[in-house]
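The following report considers how elements of a multi-chain model are arranged and where selected residues sit. Please keep the sequence and structure at hand while reading.

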Amino acid sequence: MDITTWKDWFISLYTLQDVQLALTATIRIITTLILAKLLIYFGTKIIERLFISKPGKFIADNRPQTLSGLLKSVLRYVVYFVAGMSIIEIFVPNAAKTILAGAGILGLAVGFGAQNLVRDVITGFFILFEDQYQVGEYVTLAGVTGIVEEIGLRVTKIREFGGQLHIIPNGTISHVANYNRGAMLAQVEVGISYEENVDKATAVLKTMCQEFAKIWAEDLVEGPDVLGVVRFGESEVVIRITCKTKAMRQWEIERQLRKLVKETFDREGIEIPHSRRVLLSNGGAEGA
Amino acid sequence: MDITTWKDWFISLYTLQDVQLALTATIRIITTLILAKLLIYFGTKIIERLFISKPGKFIADNRPQTLSGLLKSVLRYVVYFVAGMSIIEIFVPNAAKTILAGAGILGLAVGFGAQNLVRDVITGFFILFEDQYQVGEYVTLAGVTGIVEEIGLRVTKIREFGGQLHIIPNGTISHVANYNRGAMLAQVEVGISYEENVDKATAVLKTMCQEFAKIWAEDLVEGPDVLGVVRFGESEVVIRITCKTKAMRQWEIERQLRKLVKETFDREGIEIPHSRRVLLSNGGAEGA
Amino acid sequence: MDITTWKDWFISLYTLQDVQLALTATIRIITTLILAKLLIYFGTKIIERLFISKPGKFIADNRPQTLSGLLKSVLRYVVYFVAGMSIIEIFVPNAAKTILAGAGILGLAVGFGAQNLVRDVITGFFILFEDQYQVGEYVTLAGVTGIVEEIGLRVTKIREFGGQLHIIPNGTISHVANYNRGAMLAQVEVGISYEENVDKATAVLKTMCQEFAKIWAEDLVEGPDVLGVVRFGESEVVIRITCKTKAMRQWEIERQLRKLVKETFDREGIEIPHSRRVLLSNGGAEGA
Amino acid sequence: MDITTWKDWFISLYTLQDVQLALTATIRIITTLILAKLLIYFGTKIIERLFISKPGKFIADNRPQTLSGLLKSVLRYVVYFVAGMSIIEIFVPNAAKTILAGAGILGLAVGFGAQNLVRDVITGFFILFEDQYQVGEYVTLAGVTGIVEEIGLRVTKIREFGGQLHIIPNGTISHVANYNRGAMLAQVEVGISYEENVDKATAVLKTMCQEFAKIWAEDLVEGPDVLGVVRFGESEVVIRITCKTKAMRQWEIERQLRKLVKETFDREGIEIPHSRRVLLSNGGAEGA
Amino acid sequence: MDITTWKDWFISLYTLQDVQLALTATIRIITTLILAKLLIYFGTKIIERLFISKPGKFIADNRPQTLSGLLKSVLRYVVYFVAGMSIIEIFVPNAAKTILAGAGILGLAVGFGAQNLVRDVITGFFILFEDQYQVGEYVTLAGVTGIVEEIGLRVTKIREFGGQLHIIPNGTISHVANYNRGAMLAQVEVGISYEENVDKATAVLKTMCQEFAKIWAEDLVEGPDVLGVVRFGESEVVIRITCKTKAMRQWEIERQLRKLVKETFDREGIEIPHSRRVLLSNGGAEGA
Amino acid sequence: MDITTWKDWFISLYTLQDVQLALTATIRIITTLILAKLLIYFGTKIIERLFISKPGKFIADNRPQTLSGLLKSVLRYVVYFVAGMSIIEIFVPNAAKTILAGAGILGLAVGFGAQNLVRDVITGFFILFEDQYQVGEYVTLAGVTGIVEEIGLRVTKIREFGGQLHIIPNGTISHVANYNRGAMLAQVEVGISYEENVDKATAVLKTMCQEFAKIWAEDLVEGPDVLGVVRFGESEVVIRITCKTKAMRQWEIERQLRKLVKETFDREGIEIPHSRRVLLSNGGAEGA
Amino acid sequence: MDITTWKDWFISLYTLQDVQLALTATIRIITTLILAKLLIYFGTKIIERLFISKPGKFIADNRPQTLSGLLKSVLRYVVYFVAGMSIIEIFVPNAAKTILAGAGILGLAVGFGAQNLVRDVITGFFILFEDQYQVGEYVTLAGVTGIVEEIGLRVTKIREFGGQLHIIPNGTISHVANYNRGAMLAQVEVGISYEENVDKATAVLKTMCQEFAKIWAEDLVEGPDVLGVVRFGESEVVIRITCKTKAMRQWEIERQLRKLVKETFDREGIEIPHSRRVLLSNGGAEGA
């Protein structure tokens, strides 16, 4: 500033230049706003076409709405942010710097604090995009097992068997186990005593399995089979029966199988052994 | 500075320019303050309209007050901070730099230290906004189970069953289990001996369940059912009874069910078996 | 530097300019120091008014002193630091840069190392500000349970039941359980044998509870109640009695309840069962 | 800006220069776009040649398609991004700065949030490139054991034995155990009583192993061998039998071996002992 | 550089200017060194006065030496570092930049690597400053319990009961339990059989405690008391005796109490019960 | 740009200068490429001499090839990268900046994502350089124990005893246990009953050890010794025998030792005791 | 560049100036190299004097060589790096920037990857400097217990009791337990039955300890003492004997003590009790 007299200084406060600058600023602001509106309008169009013009191609159900809605929001907020910053920049040339000076101190704290939020949304996006699970499916995720009630971009809600509603941030979901994508395995283990004949017990169980397969044909995918001796227990030889069932029917099938095994063994006189112990008497030793 | 004589130097300390500069600074400061006040005034208006003009729309109870209060505070502190920095900048052009020089050393430490604070507030915001739980609900979060006593932006207070008041920073809450959002499951397991007939025991329990459903109709959502054989125990066949109850009534129902099962079995002469063991004597072996 | 002859160079070492510069520097230093002093003086005034002018409003006991002391220290160190840096800048224009050059290498290490310190102080501030616990209260924090002996900005000292003094950095305290904020629960579980009548035992215990409530009325908040059958044990049916007591009296009440239960059962002839086992002899099998 | 009169200012808004600048910009944009297209075209060619011109050399099956597809995508997005940034730069010279001002605040959060995504893709690339496992193989990874159903760049899908479909982000896979790369070990442990002769039992088992090797020759890689005494148990001397089998046949072989051991011991009269206990009577002591 | 002929170039290598510059540099170096020496001299004086002029005020024992020594070292290294960097800057104007170019690559690695070192020293400073423990005290820290042998700024040495010397970096010490700051609790639990009378046993133990208090008066702070029934055990009613002892005497007192309890019960004929079990014979069932 | 007329502007698009600039660029590019080639050529020579000119000095087997190959790759990629960046810089002076603008946003994510990769390679380099393990050795690393099948810069492949092939990223290997670097310890523990004479049993075992040492002289490094009483078990006094064997022979030696101990004790009539229990009858108490 | 004609441009490629610049560069390079050599030479001298001129003062054994060797390497690499960067800077003024452009992308990854390496060396330096352990000592570190075989700057090698060689990066060593720095504690616990007289048993053990102290005087530091009753076991009163031994002799002393205790109790007729159980018969209850 080359002003050195009182008068010049006073005039310098509000001169013609300032008015011109104000007008320039106004025009720039209007241009910026129009540009922003146009960007949002066309960006929205492109996003909508992207998701609607390919029906049934790679995204099923209501996920397109969720995803395109997400992308539109992101677009809108980014455009608003850049436009806002540009307008501030017009008035206060170093506003960005000043804000960043503060942000340099706080930015790290905010950044670390907000990273969970960002991770939630990114993971949520992939859960929807890759169709990892849908509402109504029975899943295990983040250590919780239950029916999915709601899938959002930030949280997934799951109702556990006991009735509790779990609200789980998507970012804490690292791996998903889905129980509704194919046949499930029902499996029953039963012990027979070491005195029993393994071949006889196996034969009895095999006959039983064939009957069972007929009765529950509707729920079974692959009829129950006797796998054989899977373990030498302390007091029993353990035999395993497995079958494949339709999803979510495995527990009922296991309960029915267990009941039938009990009835069959009762009928055939095969014992499910209690814990056994051999006692050795040592005469009247010790202190005697 | 091109001053090379003593006189020039002395004059150079306080010249007309300095006075002019002082005046310029004063005007700038006043303008800054007025701008800041206006920003806060209109920002507050906008925030209030945002939350009040949509009554009952997407936010219930007293959460609007909490949230709009939060946003107003954030607005006020950001504006104050930027205004303060701008005023300092007027006097000491490189103040920001100098402060940042220190912040560069300390900023990392402060940033890491403060990130917990930021995470607490962000998580607290989402707990309120998404209505994850309310005061009076029975929840499990951060490993603590109890009644919510207070929900703040930084901490949630929970009273455990034993009477302890837990003060939990919101940032340590990753997933919430809420026991008040729908029917809860009451579940009783009872063992019968291997000698008992499973069908008879099941029939007895089914009759019992029907009686029970009439007596406790008010608390039950879905009458108790006998699921079937869920496990082969060491000395008993385990049968499970489940029912759905109104929230928070599940424990009373379970206790009443257990008592009724005991009475029914006593009446019907069905034994709840003790641990059994088969002893095998080995003659007078070992050392004999 | 445009000096090209020996004489010019020699003179250039200490000229009039240098003296002038020295004087300028002196004046600047004095101004800086006065400004710093003023800032500290008025800042201190403001902090003091903030905490003292609102007696009994939102901060109880001696916490105002601790907090205002903290804020004053922070103010003082920040002002000193900025003033010091400004003065150094006057002499060595690029001092900040040089220091930062070193800080760039070391800053990260120091930052990470010091973050624990910062987190301790921030958490300590909130413990005091939110009145999470006070000296003399019985709390659980960072896995340690005991009586609070001292609350500082960096550490909390807790005396465990066994007499050990635990010194716990505040930053490692994530969630606090306070046993002095309301009534506590005393709880006694007692098993009766399967042969016993549940209704009779419950009735006996209920009578006992009424007597107990009269004797210990002073310590009790809510008279002891018999909850009912809470578990089928291996050899016993478990019944639970609970009551609410004044804080810190729960253990004594539990011990007195236990003693009374024992005496009552002895008097009424109700057995607290030992572990039971059914022995099945298998004839002279195995190796015989 | 040296404009000081109203007229000059008005004209300065849209002058010849502006038109010229607009034309320059247009030409630059077109050039940028052509360059981008060329880069993508030739880059794609090079990537394709890289993977196709060396058939059967170091990459088997359909992995070349996956990998070259990946590289093409990366190329395309990088080129688009740089071109886009350059075009924006032409219009708004400091756009990058403004965007970065926002990014400075948000970048950290996004960076941390997105790092999982990047790690998933990098790990996925190496799984494919190093052929760590293929669809249909039986593997253990990230704590899940099952058949690989699908290998993607971001997730691997594994079907567990029980039927659940696990969706595992590749980034959470740190070490892989593959059960299909060579012969597997089947192993059976059987206990004989301390009274039994070890040499005799070993001899019987060795004969049995030779028979077994003949029957199951097709599934065995290395005939079953009796290793010897591997442990002194509480009531038994434990002997181990091992053999190498074709991949995925180990469980069947183990079950068959177990059944044969039981039958052989029954035939030869070697006892698999129950738990033994020596009882010492202490006369009529204690309280007597 | 405007030199365009061979001669000029040759002369330009070593001109008068260079000599002058060399002299300037020499003078600057000497000034820097003198300044550094003065800074260290006066800084040392200040540090010494800080710690010595307040004898017995807030720092006991030899910690003042350790702390003032530490501060002097830090001062010395910081001054040397800044002086060294300034001198290098005189010769090679961009040395700092070049070094930072390398540091930019390596700095992160070094920073992360060295952070443990910094954290050790910071924690060590607070251990000394806050007098968390002293040489000879019995403490638990970082999972190790023993006698403190040496407290340094980087490591603490602790000798465990078994004789091992543990060398523990201070940075891994998060919370300290000190057993020498007040009375310790000695505690003995003894079980009596369910057949025994609780009141009688309590009375006997109370008499015993009074005798004990007389014998061990010197080591006891608060005479042993019978707390009452603290648990219903499987075969015994558990009674607890506690007393407060001088620090480090608790183990001896517990051993003496235990011996006295045994002798008292032997004398009074109160039984410390063995594990009890009720046997129920089921006739000649199972397989019979 | 000082162009103000249409003609000037048009001409300015492609002038003589541009052609000259193009030529300059071409020459610079060629120079850059030649320089890069030379750097790679001589760098490769130096690396090769470094590893080949010192045969058998400090690196055994085929590791020189692996390491020099690694260094050559690193050299090549670094030179290519710098050359590429320089060439781009010639055309688009601010390309680096623009790329960095994008990198600023993505760099963090990529950096974190890729750090595992870098850590794998650095750890792999040290495994090879320090010869921590070789193909065919039996090692424990990252929780997996087995034979090393392949050592790469990124992953190590280990075949477990059970046949599974483990693919372990080197970065997850923090500490290595190698079973092939010296003699291994075989160790057998055997219990004798409390009634037995310890001296007699020790003498018998010592004689046995001498015989054993003769038979297995080839596999033993240090003959088996009887260490003595290492534990008072519940029903037995435990004696330990140890010996040093050649690597990988320890399991066979342990099995043979166990067999011999059993045979020796059978011959000498020393009992390996079963679990013992003293029964105390309490008359007809409880409920009687 | 102000060249506008073809001729000027062509000449401008290689002019006199270029040759002069080349010569200047050559001279600068030579100067840089000489300076680097001198720095290394004198630095080495200083390091050597630092460690050799103070023999036996504060560093024992061969650690001076290791440490001075380390410092010399660090000096050499730092000087080479700075010199190399300076020379490159002479030719390509912005080389550092270009390299940093790449480093900005890769630096983070490399930095994180290499931090383990840096931490290893820093920890290794302190292990050597503080003499935490020496070759041949018996230590526990990073969860491994054994004899130290080799201490390097990056890794420590430990041979476990079983013979395995553990290679442990120093950075994973957080706390060291050293068994060779003073007397070790040998400790034997023995149970006597509740029927036994505690005083008699203690007296017998005390006499035994005195004998033992004479026989093993050479290995003992503090004669074995009978501590007293340390625990009420299920079936026994547990008495503890402790003594201090020379380092590494504790295990032998424990074994000898145990053997002597067994022999003494056998001689004196004091019983080491088996597990006891009181049986209560319930008549012919249950199902009868």
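## Helix packing in chain A

In this predicted model, helix α5 (residues 198–215) of chain A packs with helix α6 (residues 250–268) of chain A at an angle of about 130 degrees, their axes being 10 Å apart; axes are lines fitted to C-alpha atoms, for helices over the stretch in contact, and angles run from 0 to 180 degrees between N-to-C directions. The two helices, α5(A) and α6(A), are therefore oblique to each other, given that angles under 35 degrees count as roughly parallel, over 145 as roughly antiparallel, 65 to 115 as roughly perpendicular and the rest as oblique. The crossing of α5(A) past α6(A) is right-handed, a term used if the near helix is turned clockwise from the far one by less than a right angle.

On the α5(A) side the contact (heavy atoms within 4.5 Å) is made by A:Lys200, A:Val204, A:Leu205, A:Met208 and A:Phe212, while the residues of α6(A) include A:Ile253, A:Leu257, A:Leu260 and A:Phe265. By class, the contact of α5(A) with α6(A) has nine nonpolar, two polar and two charged residues, where Ala, Val, Leu, Ile, Met, Phe, Trp, Tyr, Cys and Pro count as nonpolar, Asp, Glu, Lys and Arg as charged, and the others, Gly among them, as polar.

## Chain A overall

Chain A has six helices and nine strands, which are DSSP runs numbered from the N terminus (helices H or I, at least four residues; strands E, at least two). Of the 288 residues in chain A, 47% are buried, that is, under 20% relative accessible area with a 1.4 Å probe and protein chains only. Among contacts in chain A between residues at least 6 apart in sequence, 62% join residues at least 24 apart.

## A buried serine in chain E

E:Ser193 is found in strand β6 (residues 184–193) of chain E and counts as buried because its relative accessibility is 2%. Not counting residues up to four places away in sequence, E:Ser193 touches E:Ser235, E:Glu271, E:Pro273 and E:Arg276.

## Conventions

Residues are numbered from 1 along each chain as its sequence is written, and chains are lettered from A and ligands numbered from 1 in the order in which they are written. In this predicted model local features need pLDDT of at least 70 and side-chain atom pairs count only at pLDDT 80 or more, whereas totals for chains, interfaces and linings use all residues, and side-chain values use heavy atoms, with hydrogens and water left out.

Terms used:
Buried means under 20% relative accessible area, exposed over 50%, partly exposed in between (1.4 Å probe, protein chains only).
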